[in-house]
Amino acid sequence: TQLTYNSSDSPEEAASDPLSAAFARFGETLNELNGFHEIMLKQMVTSLVDPMSEFVRKDIKEVKDMKKVYYKIGNDLDNSLSKYSAVHRGKPDEIELVTNILTATGTCFNHTALDYAFNVNKLQSRKRFDLLEKVLGYMYSSFAHYHQSYDTLKDVEPYMMDLGVKLGDVREQFEGERKQMEARHSIVQKMYDDKAGEAQGGLVFIAAPADNCGYLFKRSSGRMRQWKRRYFFVRGGQLLYQVRGKEEPPTLAADLRLCTVKLALSPADCDHRRFCFEVISPIRSYMLQAESEPMLTRWVSTLQAAIGEALDAMKNGVDLAPLDQTEVNLKGGMMALKTMLPSIAKSRPGGLSAEAMERLRKVPGNAACVDCGTTAPTWACINLGVLVCIQCSGIHRSLGVHVSKVRSLTLDKWEPELYEFLRAAGNDVVNQTFEGAAEAVAEFPKPTSASDRAERELFIRAKYIEKQFVVGESGATPPELERRLVSAIRGDAPIAEIIRLVALGSSPNGAASADDWSAALSDEEGLASSSATAAAAAAAAAAGGCADGEIGERRRSASIGGEAEDDLPLRRPALHVAILKRRDTVCELLMQQPGLHFDAVDARGNAPLHVAAATDHLPMVCRLLRAGCAWDCKNALGQDACGLALDGAHADVVTVLRLFALNKAESSNSSPFIDESLSFGSALKDMVDANKLKSSRDALNE
């Protein structure tokens with residue numbers, strides 16, 4: 001039987017392998033022997049060590065203590081004899097006293113000496129048989145241990161002899177194979193020499209490497225632009241490389257689901273080298289060089305096939321089984337990500353900068369607390385858009401997040417869009433609504449900076465929960481208020497009016513009527529750009545063939561809901577209209593309101609993310625993704641946000657959505673390549689913030 005062993009074998013295969021079976025048999029035998037040895041050690045402790053320790057600790061100690069008593073009474077007897085001998089013969093009373101003391105001391109000494117002698121003799125007698133008895137018990141334990149070990153090894157002896165014979169046969173077989181390999185090596189070497197002479201200095205390939213691995217020259221990204229030979233391979237949808245001769249894990253070069261491959265057509269791009277191609281990803285690009293034209297063709301086709309396989313696997317939810325975290329070096333792809341996007345390499349410090357804080361307090365009313373008037377407030381209620389002092393912030397926090405969401409200006413991190421909303425609102429604007437009823441405010445004791453907590457809490461609850469100071473509108477039903485909210489957003493009403501309608505009870509999930517939505521839609525030209533796509537043309541052609549303009553109009557109407565013919569009633573939530581109108585501060589106000597459904601859909605099944613993607617509103621797409629909107633939900637026509645962005649040829653939005661989908665897929669699969677602080681979704685979010693919200697970002701990060 002041939003003895004082979006492969007560490008990658010499954011447990012079932014290992015069980016049938018003679019080498020694994022031998023190790024298993026010997027392991028069981030050694031475990032049994034070790035168990036016998038442990039039993040012997042326990043018996044030795046029980047039968048020998050513990051009794052001897054008890055003998056020394058108790059019996060010998062008692063004799064030593066009695067010895068001390070014996071010598072002490074002996075000293076007392078000597079003192080009594082000395083006094084008896086030294087007494088004056090002319091003092092009969094003193095002689096009688098000393099005599100009585102001597103008699104008592106002598107009697108006590110005799111008893112103590114007798115007890116001490118008895119215990120010493122008893123200890124000597126026990127030592128003769130007790131110790132020997134314990135040693136004899138230990139010898140019996142040793143006898144049982146070695147006897148059991150002998151029986152166990154005796155049972156294994158036939159197997160050991162048989163295994164030795166088989167090992168001899170395997171060694172003879174190995175010697176024969178070794179001679180065959182030496183002969184084959186000589187033949188291959190001769191073939192190589194012959195082909196090298198025929199090639200006249202060209203490259204010679206005895207055997208082509210596997211389709212998913214091999215050596216390539218990689219151009220470094222430094223100033224020297226050196227070309228170094230590295231071993232590249234594809235595994236788990238990732239392109240990795242390794243340095244030959246170094247005991248370190250492979251380096252992640254690129255995630256193939258984000259890459260494209262193209263030939264280096266311009267000589268200047270590849271330093272005038274031959275057989276070059278480029279792997280391009282959003283993080284960085286790799287210029288690679290093959291060793292021949294056939295290898296160049298093979299590598300390009302291999303990578304293109306791997307990219308298609310990775311994308312299909314992600315679409316179908318198949319796990320590509322990426323490498324373990326201990327088996328990969330992230331310095332390649334992840335360090336490039338840090339280089340290109342430094343805003344994610346360093347965590348933003350908590351709190352606003354001094355300049356940003358100063359600009360925020362210059363907003364009318366923000367120099368003092370919105371409720372008590374304390375100067376220089378350092379806290380904010382982000383769903384109300386106001387600044388409060390630390391005393392009032394504690395009361396706002398106790399109201400619950402469904403009433404007030406409190407955040408620190410100096411400790412917490414601030415998103416640029418939230419900062420802009422605070423600047424757009426302000427204490428004076430909000431108080432126009434929540435303290436609009438001047439007569440009611442005059443009758444109610446408004447707190448000051450010297451007020452205690454009870455006075456502040458009474459006023460704040462009346463102001464924000466009971467809304468006693470808000471000027472209401474008689475006869476305004478919730479649907480009417482919701483219609484007014486959507487109309488105000490569409491009509492570019494000031495933020496104060498939006499805040500007033502929300503305070504009156506207009507739900508942020510309120511929907512517009514058909515007329516309101518049609519008017520809002522006609523104002524937004526971005527939707528028309530999402531009509532001319534190949535998918536729309538194919539759908540229209542399948543329906544019977546229409547003109548290009550008619551195809552685009554029908555596609556726009558069907559996906560987003562335009563003014564084309566349709567029997568469905570059009571209902572659009574307020575957030576949809578705010579996104580269409582590019583009113584980002586209003587969007588932030590609505591998104592901060594409790595009870596907002598981020599994935600609320602209209603009659604077409606379009607969520608806010610669909611609208612933002614179709615209208616090329618990149619910052620809002622990122623904001624909705626950070627808010628937790630479902631990125632893969634589909635509308636009534638089965639289109640997701642990425643599909644709508646593709647229809648409109650909105651490349652940036654498509655890139656963000658695809659990278660976010662990839663990040664979600666990697667997170668669900670516990671991929672070691674995507675760290676939470678360096679995720680693709682976070683990278684794209686910061687990149688969009690840097691480009692689209694630059695002024696706000698500068699205010700926050702200075």
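This note goes through the predicted model point by point, from the overall make-up to single residues.

1. Basis of the values. This is a predicted model, in which local features need pLDDT of at least 70 and side-chain atom pairs count only at pLDDT 80 or more, while totals for chains, interfaces and linings use all residues. Residues are numbered from 1 along each chain as its sequence is written, and side-chain values use heavy atoms, with hydrogens and water left out.

2. Overall make-up. The protein has 25 helices and 12 strands. Both are DSSP runs numbered from the N terminus: helices are H or I with at least four residues, strands are E with at least two. Of its 702 residues, 42% count as buried. Buried means under 20% relative accessible area, exposed means over 50%, and partly exposed lies in between, with a 1.4 Å probe and protein chains only. Among contacts (heavy atoms within 4.5 Å) with a separation of 6 or more, 67% join residues 24 or more positions apart.

3. Nonpolar cores. A nonpolar core is a set of buried Ala, Val, Leu, Ile, Met, Phe, Trp, Tyr and Cys residues joined through side-chain atoms within 4.5 Å. The largest one has 77 residues, and I489, I498, V621, L624 and L657 have the most contacts inside it. Helix α14 (residues 495-503) gives the most to this core, with 7 residues. Apart from it lies another core, of 23 residues, among them L216, Y241, A253 and L256. In soluble globular proteins, nonpolar side chains tend to be buried together.

4. I498. What does I498 touch, not counting residues up to four places away in sequence? The list is L485, A488, I489, A493, V586 and L589.

5. Helix α13. This helix (residues 478-490) has 13 residues and reaches 18 Å from its first C-alpha to its last, close to the 18 Å expected at 1.5 Å a residue. The expected span is 1.5 Å times one less than the number of residues. Buried residues in α13 are L481, E482, L485, V486, S487, A488 and I489.

6. D492. This residue follows α13 and is found in the loop between α13 and α14. The phi of D492 is near 55°, a positive value in a residue other than glycine. Most residues other than glycine have a negative phi, and most peptide bonds are trans.

7. R582 and R583. Both residues are in the loop between α18 and α19; the helices cover residues 574-580 and 584-591. R582 also has a positive phi, near 60°. Leaving aside neighbours within four places in sequence, R583 is in contact with A488, I489, D492, A493, P494, I495 and A578. The C-alpha atoms of R583 and I489 are separated by 8.0 Å, although the two residues are 94 residues apart along the chain.

8. T105 is buried, with a relative accessible area of 16%, and T112 is buried, with 11%. The side chain of T105 reaches the backbone oxygen of I101 at 2.9 Å. Leaving out residues up to four places away in sequence, T105 touches I73, D76, L77 and S80. With the neighbours within four places left aside, T112 is in contact with V69, Y70 and I73.

9. Aromatic rings. A search of the whole structure finds 11 aromatic pairs. Rings of Phe, Tyr and Trp (its six-membered ring) pair if their centres lie within 6.5 Å; planes under 30 degrees apart count as stacked, over 60 as edge-to-face and the rest as tilted. Why is the pair of Y231 and F233 tilted? The planes of these rings are at 35°, so the pair is tilted, with centres 6.2 Å apart. Y231 is partly exposed, with a relative accessible area of 27%, while F233 counts as buried at 7%. Y70, Y71, F109 and Y116 form one aromatic cluster.

10. Charges over rings. A charge sits over a ring if NZ of Lys or CZ of Arg is within 6 Å of the ring centre and within 35 degrees of the ring normal. R25 lies over the face of Y159, at 4.9 Å from the ring centre. R407 lies over the face of W414, at 5.3 Å from the ring centre.

Technical notes:
A polar contact is a pair of N or O atoms within 3.5 Å; within protein, one must be able to donate a hydrogen and the other to accept it, and residues adjacent in sequence count only if both atoms are side-chain atoms.
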